[in-house]
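Before reading this report, please look over the sequence and the model together. The text begins with a term that is needed for what follows.

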Amino acid sequence: MAKEAALELDSPLAPPSDAPRWLKMLRLARAHPLGVLGLFCILLITFSAIFADVIVPYDPEALQTGAIKEAPSLDHPFGTDRLGSDVFSRTIFGARIAMLIGVVSVVVGMALGSAVGIASGYFGGFVDSVLQRLVDSLLAFPAIVLLLAIIAVIGNDDSAVRSFLNDSTPLPSGKWLGIPNFLDIIIISLAIGFAIAVAAARVIRGAVLSLKENVYIEAAQAMGASDLRIMVRHVLPNVAGLIVVLGTIFLPIAILAEAAISFLGVGLPAGTPSWGSDMGNLSNRDDAIGRGIWWVVFFPGLALSLVVLGFNLLGDSFRDISDPRLRGGGGSGSASRTGF
Amino acid sequence: MRSYIIRRLLLLIPIMLLVSFMTHATFRIIPGSAAHLICGIGCTDEVVEDLEAQFGLDESFFRQYGEWLGVWPDDDEGNKFSGVLQGDFGESFLNSGQSVTDRLSRTLPVTAELMLLSLIFAVVLGIPPGVLSAIRPGSLADLIARLTSVAWLSVPNFYLAILVIAFGSNWFGWLPPNFGTGKAVGFFENPIQNLETFFFPSLVLSLGIAAVIMRLTRSSMLEVMRNDYVRTAWSKGLRERTVVWRHALKNAMIPVLTIIGVQVGLLIGGSVLIESVFALNGMGNYLLVSVIGRDLLVVQSLVLIFAFVFVVINLVVDISYAWLDPRIRYG
Amino acid sequence: MSRRALLGAGATTALGGAAALAVGCSGGTSGGPRFTPNPNATPGPGGSITWGRPVSVGGVDPHVDLTGLDIDALLYSYLYSWAPGAEVTIFNNLATSLEMPEVTNFIFTLRDGVRNAPVGGEFDGEDIDSEACKESFVRRGTSITAVDKRFPQKIAGSRDPAMLRPALQTPDKFTFSFNMAEPFVPAVREMANATWAMMSPGVTENAPTLQLGRNAFGSGPFTLEEFVGNERIVVKRNPDYFIPGRPYLDQITYVIITDNSSLLAAFKNGQHDVSGAILVKEDFDEFNADPSLAAATAPSLFYPVVHMNVRRDPYDDIRVREALNISINRDLIIELAQSGEGQFGGPIQWPQKQWALPRARLESFYKRDVAKAKQLMDAAGRPDGFKALLKTPRLPGVNFINDIARIIVDSWKDINVDVQIDEVELGAYIGSVLLPGNFDMTFFPNLPYDEPDRPLSFYHSLGVTGSGNWTGYTNPTLDKLIDAQAAEFDFEARKAIITEAQELILGEHGPQLTTTGGFQYSARKAVVHPGFSIDEDTPLDSNPVGVDIWTELT
């Protein structure tokens, strides 16, 4: 039946084609139009993030680049805000900040989460018990509290983390790559990364538990390989796919998380050209809701939605392609355990 | 199964203790206390000390935690115990000693209604497109359904909330009634006004979950429809509708139900943004304000409650999963 | 009392509301009926109004809680009221007169007939007499959260209730008096503010069990009907109020919405009769263009200043301070952050017209001069400028701090001073930045107060009202001047001292760099009539706050 055939279309059981690579890619693209759309969104944002310096007509933090609260026009395609900053420039720079936060959070989170998850799953017993209790407790915290508490602890002026970052790493506390408040951004990424790690640990532990019965592991242990070696050489490669998948799920969540806490006013300092800050900024919101200056909130929000949309669409398609059984949202189940 | 349930329930205790103690320790360490916020710019060390003594913040971690929990006596003779174990969740530092239970009695119904309505909307908005998408894969309808569901998932809900307020007040001359009265009227008092108050916040909150439900419905239906017995039913010539509704849907709902359970747990703390924009006094807002205000005992109590709800819901979800799918057995 | 905008730790309380809502904003209708006021309407009893409010009220105990003072003023009686513009006392409340045979001797004559309102409690009808004043003074004077600790100290030399009580005298039921150890001019203003509520002795005695944060047993024009501090507060007319026929209103409902844009939307939508939102000039213009709304404006005492830690390098060098001071682009702050309406502020802000330095003086002193600033930086050995961190508190509900900070930082770029703004959460800010003096530069709003002693005390070695010097600045000459003005009751003499102090401060270019002050705006439906508008001076024959508000809709 036609329906059955449709179901089997992308099954890995379909006979391999001898078509040239580009034709295969094209077919893949046609079969997953949403994935292509997603990829396009992401490329657009990434391009903006990387080439922000070149693209932006004005310094995103500059005041009085034109008339204040000016509607979108040729000079200012996204209009200006109450201080005369160009919304287009701020939105493009917001992409850079968003991608930075997303990438750093996910890298930190997946690294820490994998380490804990693998160790927990591999060693089992007491270690597992303790780590799991800890992870469960942290997961039971409402996300807001967890993030706020972490930011308050590590973001404090005298905190060990901040001093370490300031003194021992080349990361500057001021502007870097045109991004203001660079250190604050890193700190927030660390906090979000920590929250991600907690969720990831649980998922990865589950995967490792099922792997443990694997013959390789027993053999390696019999041969006297050290635990560390086994974990790195045998366990890690097997969960690598899961780690990547989780990473793609968490990236948009990390970006949304920063936007949410900045919206609440407890994230990045006001005035930073991040999407969340601009959307949450009280004056911007007053202007948008009460005085008809809709563009100061609309465009950052649109950009944020595009990024998250892009990652979700792309991630969905990836999963469709790589494992048809997961088609359509099974993976999102675990992601929802963490988000807002 | 019973021993599994008992074991999980027993685990609640160390988790809740750990959670509340970590909260206590964290908030004692981080800079700034409720005392600082009360005296503000007029603070001096002396005033701060006096206030902190009043709040018990000058006691050791363990003593203050113990008093809150109800295992350490409040007075010096060792007679009066009043803490969580006795049903007293403590008092606010910032709101003239308002008891947590008192404010909870006001915020809990708001949050509960918000959750309930969000879930209803999510199910109503999520399942039909998911089913449609599954029975017509690859079609335009499928594409649209999947795109819109991901779109809902991607647009931040606080953004939608602002849009609702902006459009409502500027274009339609309408805002929820609680903006004018300051309180969200109960459902049984005035159902119409109540629904007017909760309709949009719940809708906005529900969209993300609806998207997840839609995708999950779609995938599990696809899964189920592939099963042999479904094909057998097809080959027997049963009408498509019978096949879909009677066999596939019922079985496909299993993972969907579990997802609903998980989402509820998240919603509680995650509704902060919506509550703030829609001026609803729910538990999310209560928690946020208390965290910013360093209202220690309140934060501890709320975190304890949230942890409890979260763990219990997870347990219920896991159990119902096992109950619904006989293949799963917990030892 | 009626015009003061209290800006404590981020709380903005707009008093004396005259508010009119104008509809007709960006396209479209708005909800709620629109009433054009009737020019022939006269004040009369009845009606109830809804008043929006941006800040939660922690409690309504005037002696202890600082977030609900405007409401406390409706619930309790006070010795007298204060007219901010003229800076005189108005004896429209408990006291009929104040005699000061000497500047350290205060003798109040009280009026007969001020009693606790009938709320169905055991303190109904209790007299507010001299005994009440004494007990209230003790309670308020020794309260932990009392902002100015010096005042009760100067009465008894101590804040111990046991010592304070005997120093307060009640020669008869309607005479209350006390002596101060030294003359202290700010005392007069102090006793008019909303924390000095007079409670009956029964109430003060039982205070520990009465939970006065949530209940009120007062004698003011209104009684507390419902209190949900973070949602809504309802006050009802006191039928037994000592002014016959007043208050006019039957009820005021305060609706608390912490999100300013939602608050503004509710007002524009007609759901609030008096706006609680923080408004800007655009709103003022828009609302006034609508006949069913009325908006008013008054000078704002809100003033954020840059504080420099003069113990740290390079702020101990006066040339650097001057360079920073004169390169701030104050005109731009007025233009962008104050909608073009504002004036330069000196050590005492311009709305305090009797004491502030003349406008011309300030405009010429603070005239932006980048060239001179650069010269100063060169002379100080910093031709290439330096980097610095400006710490600001994250205040809920207002954004002006950050906007103004950005304008200032932007203007310093011209002299190569590269400043990063570090926003710190409020609790952490007070605890670990401000109090320990842990900052190079910080930017936050000083507590506004329309008594000149307060803004001057920021420059005193002992700090604000005797409570702490964060910047490390000490100047014995200035200290003497500030102490002297606090003891000088003669207006001309005091003014001379204050002017001298201000000139001294100007020359120091620190430790505070003052910026500019703008206006506050309020709005209401035109059918709601306040006793007088915030853009008028308080009439000297007005009644206490809230008493004369009336509405055409009864």
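A residue is called buried if 20 or more other C-beta atoms lie within 10 Å of its own. By that rule, α2(C) is mostly covered, since eleven of its twelve residues are buried. Among these buried residues are S130(C), F137(C), V138(C) and G141(C), together with K134(C), E135(C), R139(C) and R140(C). The elements that cover them include α3 (150-156), α4 (161-167) and α6 (201-210) of chain C, as well as the strands β7 (105-110), β8 (168-172) and β9 (175-179) of chain C. This helix, residues 130-141 of chain C, reaches 16 Å from its first C-alpha to its last, close to the 16 Å expected at 1.5 Å a residue.

The model is predicted, and confidence should be kept in mind. The mean pLDDT of chain B is 81, with 83% of its residues at 70 or more.

Where pLDDT is low, the predicted coordinates should not be read in detail.

Chains C and B meet through 49 residues of chain C and 37 residues of chain B. On the chain C side, β12 (251-256), α7 (260-268) and α14 (426-434) each supply at least two residues, and α14(C) gives the most, with six residues. That side has 15 nonpolar, 26 polar and eight charged residues.

The largest nonpolar core has 351 residues, of which L147(A), A254(A), A161(B) and M198(C) touch the most other members. Helix α9 (residues 182-211) of chain A gives the most to this core, with 19 residues.

Note on methods: Residues numbered from 1 in each chain as written. Chains lettered and ligands numbered in written order. Predicted model: local features only at pLDDT ≥ 70, side-chain atom pairs only at ≥ 80, totals over all residues. Contact = placed C-beta atoms within 7 Å. Helix = DSSP H or I, 4+ residues; strand = E, 2+ residues; numbered from the N terminus. Nonpolar A, V, L, I, M, F, W, Y, C, P; charged D, E, K, R; others polar. pLDDT = per-residue confidence, 0-100. Core = buried A, V, L, I, M, F, W, Y, C linked by C-beta atoms within 7 Å. Expected span 1.5 Å × (residues − 1).
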